[in-house]
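Please look over the sequence and structure before reading on.

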Amino acid sequence: LERSAVEQARLRLELERTNAERRSAVDAMSTELAQKDAALHEANVNVQRYEERLAAAAHASRAALKIEGEALAAAEAERILRRETEERADTAVAAAEKALDAVRVHEQAEATA
């Protein structure tokens, strides 16, 4: 009977030690899981911030492209206007030269008459 009581006490102690080891292992795994969960949360926050910055950069890029397009359109309009002005100026100069030639021809005709 004593041997049985001693054996039961030994088994109880071994069971308690095993349970303590298991609780310790579960606590360690819980701690590791909490750390990994915190790291995952931080990574998700970083991804969200990156996506927000990426969206802001895309918006800024679209705005810059719009401004660049408007600037190119304005430059093209200015080039067309300059060309048209030069053409009109050339036409006016040619008309003035013809008028001067006509005046010279008329003056020579009067001088010889």
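Is Glu 76 buried, partly exposed or exposed? With a relative accessible area of 34%, Glu 76 is partly exposed, since buried would require a value under 20%. The model is a predicted one.

## Overall form

The protein chain contains one helix and zero strands. Its radius of gyration is 48 Å, well over the 13 Å that the globule rule gives for 113 residues, so the chain is more spread out than a compact globule. Along the principal axes, the C-alpha atoms fill a box of roughly 165 × 10 × 10 Å.

Buried residues account for 0% of the 113 residues. The chain exposes about 10,200 Å², of which carbon and sulfur atoms supply 60%.

## Charges and salt bridges

There are 17 positive and 23 negative side chains, and the centres of the two sets lie 11 Å apart. Eight salt bridges are found in the whole structure.

Glu 76 forms one of them with Arg 79, the closest N and O atoms being 2.5 Å apart. Both residues lie in helix H1, three residues apart, about one turn of the helix. Arg 79 is partly exposed, at 39%.

## Further pairs in helix H1

Arg 82 forms a salt bridge with Glu 78, with the closest N and O atoms 2.8 Å apart. These two are separated by about one helical turn because they are four residues apart in helix H1. Arg 82 has a relative accessible area of 43% and Glu 78 one of 45%.

Glu 14 forms a salt bridge with Arg 10 at 3.3 Å between the closest N and O atoms. A network of salt bridges links Glu 7, Arg 10 and Glu 14.

How values were computed: Residues numbered from 1 in each chain as written. Predicted model: local features only at pLDDT ≥ 70, side-chain atom pairs only at ≥ 80, totals over all residues. Heavy atoms only, no water. Rg over C-alpha atoms; globule rule 2.2 N^0.38 Å. Buried < 20%, exposed > 50% of the residue type's maximum accessible area, 1.4 Å probe, protein only. Areas by Shrake-Rupley, 256 points an atom, 1.4 Å probe, with all protein chains shown as cover. Lys, Arg positive; Asp, Glu negative; His and termini not counted. Charge placed at Lys NZ, Arg CZ, Asp CG, Glu CD. Salt bridge = Lys/Arg side-chain N within 4 Å of Asp/Glu carboxyl O.
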